[in-house]
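Open the model in your viewer and follow along. Each stop tells you what to select and what is there.

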Amino acid sequence: MAFAIFLHVLGVVIWVGGMYFAHQMLRPVAADLLAPPQRLPLWAGVFGRFFPMVWMAVALILFSGLYMIMLLGGFKAIALSVHAMFGIGLVMMLVFCFVYFMPYGKLVRAVAVQEWKQAGDALAIIRKLIGFNLILGLINIAVAAISRIAF
C-alpha cells in the first residue's frame, strides 16, 4: 500500500503542481512579456513537454487508486470521500483528454502555419479548462487531507 500511495501522490504532484505553475505563474508572465508570435509557440512547446507527463500521471493516479481501492475491499467497502476523489479524478481525466485531443491539436496546427488568431482561440480554451481542472485537483487534495484517509 505504501508504494501505491507514493505513486498516487507523485502523479498528483506532477499533474496538479504542473497546472498550478503553468496557470498561475507562467501564463501571466508570458502574456505580459510576449507577443502572440512568441507566446503561442512557447505554449505549444510547454504543452508538448507537459502533456506526456500528464498522461503518465493519469496512469499512475488511476492504476494506483484502483489498486488501493481493491486492497481496501473494493468500491462497496470504501469511504464516501474515496468515491468523491475517484469521481472528481475521472472528470479531470476526461477534461484532460478533451484538451489534448481537441484544442491542443488545434493550437499545434495553428502555430505550425502561424495562424495566430486560431492558435490564440485554442489557447484560451485550454487556459479555461486547465483552470477548471486545477480547481478540481485542489478540491481533490482538500478531500484527501480533510478525510484523513491513507490516500
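This is a predicted model: local features need pLDDT of at least 70, side-chain atom pairs count only at pLDDT 80 or more; totals for chains, interfaces and linings use all residues.

Residues are numbered from 1 along each chain as its sequence is written, and side-chain values use heavy atoms, without hydrogens and water.

**Helix pair**

Select residues 2-33, helix α1, and residues 36-71, helix α2. Helices here are DSSP runs (H or I, at least four residues), numbered from the N terminus. The two axes come within 8 Å and cross at roughly 160°. Axes are lines fitted to C-alpha atoms over the stretch in contact, with angles from 0 to 180 degrees between N-to-C directions. α1 and α2 are therefore roughly antiparallel (over 145 degrees).

**Aromatic rings**

Now show the rings of Phe, Tyr and Trp (its six-membered ring), which pair if their centres lie within 6.5 Å. There are 16 aromatic pairs by this rule.

Select Phe47 and Tyr104. Their pair is edge-to-face, 6.4 Å centre to centre with 90° between the planes (edge-to-face means over 60 degrees). Phe47 lies in helix α2 and Tyr104 in helix α4 (residues 103-112), 57 residues apart. Both Phe47 and Tyr104 are buried (under 20% relative accessible area, 1.4 Å probe, protein chains only).

Next, select Phe51 and Phe96. This pair is also edge-to-face, at 5.3 Å and 80°. Phe51 sits in helix α2, Phe96 in helix α3 (residues 80-101). Phe51 and Phe96 are buried.

Last, which residues form one aromatic cluster? Select Trp15, Trp43, Phe47, Phe50, Phe51, Trp55, Phe96, Tyr100, Phe101 and Tyr104.

Definitions and conventions:
Helices (H or I, at least four residues) and strands (E, at least two) are DSSP runs, numbered from the N terminus. Angles under 35 degrees count as roughly parallel, over 145 as roughly antiparallel, 65 to 115 as roughly perpendicular and the rest as oblique. Rings of Phe, Tyr and Trp (its six-membered ring) pair if their centres lie within 6.5 Å; planes under 30 degrees apart count as stacked, over 60 as edge-to-face and the rest as tilted. Buried means under 20% relative accessible area, exposed over 50%, partly exposed in between (1.4 Å probe, protein chains only).
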